[in-house]
Amino acid sequence: MKKNCLETWLIVLTLVGLLTACVEEIATPIQGQRQIVVNCLLTLDKVQKLTLTYTNELNNTAYEEVPEAIVTLYEFNQLVGEFHKVAYGEWQLAFKPVRGGRYTLKIQTPNHPDLTATTTFPEHLPIHRLRKEDKEKKRAFRIKKNTETFWACAFFKDQDTIMRPVVIRPNYKMIEDIGTDYPRTDQFNMQATEANKVKLHHHYIRMLPTIVPTTFSLYPLYSCIVSFIAVSEEYDRYLKSSLLKMQAYESFQDPTQWLEENAIYSNIENGVGIFGAYEETLLNCNNSLPE
Amino acid sequence: MRNIALFIVVFCVHACLFAQNKAATYMVRDSLTQVAVRSCRVMFDNKTTERTTVTDDTGCFNSPVGATTVTISHVAYEPKQVDLRKLNGNTIYIVPKNVALKEATITSTTSNNHGSEFSYNARQAASTISIIGEPDVIRHTLSLPGTSFGMEGTLGIFVRGGDTSGNGLHFDGVPLYVTSHLMGLFSVIPPEMADKADFYKGGLPATSGSYSSALISVLPQNNYGTPSTGKAYISPYLCGLHTSLPLIKDKMSVRFSARTTILPYILNWMNKTNDKLRVDLYDICIKLDYKPNLRNTFSAFYFHTNDLYEYTQYQETRNNQAWKATATKLQWDTKLSEQTSFNFLAYHTSAFSIQETDFFAPNSSDTRSHVAIASKLKEWALRAMLTHTWGQNVAMRAGLSFQNQRFTNGTQRSITSERSINNVQTNPSTLGAVFAETDLKFAKRADLKLGIRGIVRFNEESLPINIDLHALSHWYFKPWLGVELAYDRLNQFHHILEGLPTGWPLNIRIPSNKYFPNEQTNQFYAGTFIKRTWTEDRKFNATIGAYYREMNNLVSYTSPINAFGLNTSTWEEEATSGTGRSFGLEASSAIILPTFTASLAYTLSKTTRTYPSINYGRTFPYKFDRRHILNCQLQYAFVRRVTRKGTAEHNVACNIAFASGNRLTLPIGTYQGISPPHWKNLSTGYIHPDEYYRHIYDRQQMSDINAISIKNYFRTDLAYNYISKRRKHTRELSLSVFNVFNRHNPYALFHEDNQWKQVSIVPIMPMIRWSISW
């Protein structure tokens, strides 16, 4: 529907005749203050990564790193370790989180208030692919009762492959438009550009919690890898707000960009960025070969 | 014994004579509405030294000693002769004349007000010059103190810091939930049917409810078999017809109004491409009034408004946005006695809006798929009310009302021959209310209006009782100088998720529930007023006062990305509940002279909002928190002469509007982000704007919500009117120019191609309108 706002505006502008919006250049209205940026997504890997930089002026992406900082991680308010700088703006900590764990990040820098953020590592997503085929010879997915939002996307493979473990190879392409009959999805990224895509989501499907076990399908799926991502609440909001922001600028000359005021979610106190967590479940979906 | 009896008789006769010879105060009231009638001419019989007098602002007059008979006359009422000796009580009721008043040139630009309530008519509303040159009774409220506007030229009306959705709009007593045509450019109320408009910012009536900010009540006049009148008009945007016809002389009349637009026909004639534009814009209003006898009146009312905008791109898509509303009403008023009357009202109102897109199959115009988002509200209600007066100083209204609403919102996505994805939610809401309201007058020193309304929402498990309270009092130090105090507590049992601030008709309407409970407002106002009247055409009034308002359970979109319409059926995911606060100073003044009128309104205010999910829970300025708002309206009739065929008048009008700029959230920097999962596995070959790619790996650092105030708003409008009155008809030609200096008032700022730019909506807009009335 957002993409059709151009036509909507054309209607408005045509109808009122002389009522044409006037666009003109002006001087810079405001300058922002530099802030510290923290980006850290906890995973079940043995090493956790974090970036620590400063904000920059608008559209200047040469970010300066924060040279000195003490970056500590707590689990249920117990110190589990301190990040160490490994590259320009990049820090690491050898630590593996646990599902359901409550984590706090604390960053101390000279001459700046401490930055803090908290997140909860999501529980394992109780989802699997059914063995039995349906009438259309497709195999559906089933998820048990789940109280958290999760995301889904899929990647085309050239051909059926047997994988253990399942990995997404560089040549696998993400399915551009993906659909589902899951009963509760967020339609924020259902932007139809063609007649056959009105029921499809763009790149990802944000699936809302379900209180009852649910069987559902994804389409169009041929030989592919399906990724289900359990996310912490903070990362969920960050991801959605980031995608919404991108969508606003997807079309050329869409005048609704003039009114765009969306803010990217951030849970960093005294800074910006994201401290979240996610766990990915990859399912290898072959047409004929076993997984 | 006989002497004693004779003495008693003589004493009684003397007492009676004495009673007759004593001066007394009487009040003149409208026999139908019980409203006191001022400026009545009172002529006493020849036995008094004082021959005539005039009733004052409260409808009262003093009869001199010895007066036995009076004759009451007024231009709008039937003359009445009353024997004061036989009068029961001190109230004289006069009957409205069954003659429609000929339209008189009223150069008044002022509204009748003390500070909290404003009353005006369509002619006065015409003093506010609009973009399309049409008189607009709703737009006129923007020239009054305490109101802020949204997008320039549109009908987003923010009263004392409240949302547009918190305003109630009643047309002949029926709530309307669609208020504007053409994306908010002008209201759905035809001005010829708006004989009286009451704008309540405070001291709201307890006889209606379920709004949290202000009430605009527009009333068409009742005609009972009056001679026929009519009006036809045309402008580049609108043409319309209004007529009032008698069906039964002195008993029954029907009024009809219809408006539509001819602009799309012009545009389609100019269009030489295969793309098509279709516009259906019209409103129809029919009112039937019947007075079978002096005690009973019946009224039926029907109103329908429709907007449809369809753009078809040849063999590609068809986009359609439409909204409509319908209101019907039956009403019965009966006088049970001189002091008591009963009113019964039944109405049905509905509103519907839809945004949809049809995608065509390749190289054809056959629909291949369909996407739609729609919102519907249906409401019916019954109300019974008793009104009773005790003498001149006490009046009371009490009654019951029952209101049933059905909210339906949904989305649909379908591909031909496949199963569609439908997500439709229907939510009922039933409200029962008991209300009482009293008007008290304390001689000429003070008056007090108190109202209470108890509301129960039957759809909730616990059946809580919510109370609306209203208090409005005036204290007169002198007849022309006084103080006004007002308190209001309001409850609104539905939420309207506002998109664009234009009086946007495509908003989603939802009932309150346990997650988003009813909106509540508490408001205080204190001020002083001056109302000085020398003659009917020489007046001066002024008000100055301060208000404080607290708002709870306000609902807003979490993300402003929903401004153009809800993109998801899961609206709960997109909405959040919070509070608001507003306080300010309001001042107004108006002067009326025979050929010149001027009015001034100024507001100094501050409004904030606090939502847990917005701005990290920190309080932020409201988007239309305009610190200063100043409106000035001037009208001058520079030629008014009698010609051989009638009279001719030329007058000019000027509006000056100044306001602090609205508030924005702007990008102030860039920072490193985390790309969406597996973004490197995206297919290549698509081309998007540079800004799109920047948001993959980088993020915009935004300012605090509404932290930036845009450049001040300033606008000057001019209008020239030529009115030619002949014996049988009146012709009027209006030329107006909105934003005569073509000032580019910015509405939004944005950053593109490394350059900051501003968007201004309305340039200079000349307009012409011609009308003929009879």
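A polar contact, as the term is used here, is a pair of N or O atoms within 3.5 Å; within protein, one must be able to donate a hydrogen and the other to accept it, and residues adjacent in sequence count only if both atoms are side-chain atoms. With that in hand, across the interface of chain B and chain A there are 28 residue pairs in polar contact, both residues at pLDDT 80 or more. By class, the side of chain B that touches chain A has 49 nonpolar, 34 polar and 13 charged residues. In that tally, Ala, Val, Leu, Ile, Met, Phe, Trp, Tyr, Cys and Pro are nonpolar, Asp, Glu, Lys and Arg are charged, and the others, Gly among them, are polar.

A quick word on the ground rules. This is a predicted model, where local features need pLDDT of at least 70, side-chain atom pairs count only at pLDDT 80 or more, and totals for chains, interfaces and linings use all residues. Residues are numbered from 1 along each chain as its sequence is written, chains are lettered from A and ligands numbered from 1 in the order in which they are written, and side-chain values use heavy atoms, with hydrogens and water left out.

Let's stay with the interface. Counting contacts (heavy atoms within 4.5 Å), 96 residues of chain B meet 99 residues of chain A. The size of an interface is often given as the accessible area lost when the parts come together. Here chain B and chain A bury about 8900 Å² between them, with 62% of it on carbon and sulfur atoms; that buried area is what the two parts lose on being put together, with a 1.4 Å probe and summed over both.

Salt bridges (a side-chain nitrogen of Lys or Arg within 4 Å of a carboxyl oxygen of Asp or Glu) number two between chain B and chain A. One to look up links the side chains of Glu574(B) and Lys240(A), at 2.7 Å from N to O.

The chains also share strands. Strands (E, at least two residues) and helices (H or I, at least four) are DSSP runs, numbered from the N terminus, and two strands pair if DSSP finds at least two bridges between them.

Now look at the loop between strand E46 (746-752) and E47 of chain B, where Asp753(B) sits. Asp753(B) has a positive phi of about 55 degrees although it is not a glycine. Asn754(B) is in that loop between E46 and E47 too, with phi near 60 degrees. Asp753(B) is exposed at 67% relative accessible area, and Asn754(B) is exposed at 56%. For these labels, buried means under 20% relative accessible area, exposed over 50%, and partly exposed in between (1.4 Å probe, protein chains only).

Over in chain A, there are two helices and 21 strands, and buried residues make up 56% of its 291 residues. One buried residue is Glu65(A), at 12%, in the loop between strand E3 (47-54) and strand E4 (70-75). Its side chain makes a polar contact with the side chain of Lys85(A) at 2.6 Å, and the side chain of Glu65(A) also reaches the backbone nitrogen of Gly89(A) at 2.8 Å.

Finally, check two cis peptide bonds in chain A: Arg164(A) to Pro165(A), with omega near 0 degrees, and Tyr219(A) to Pro220(A), with omega near -5 degrees.
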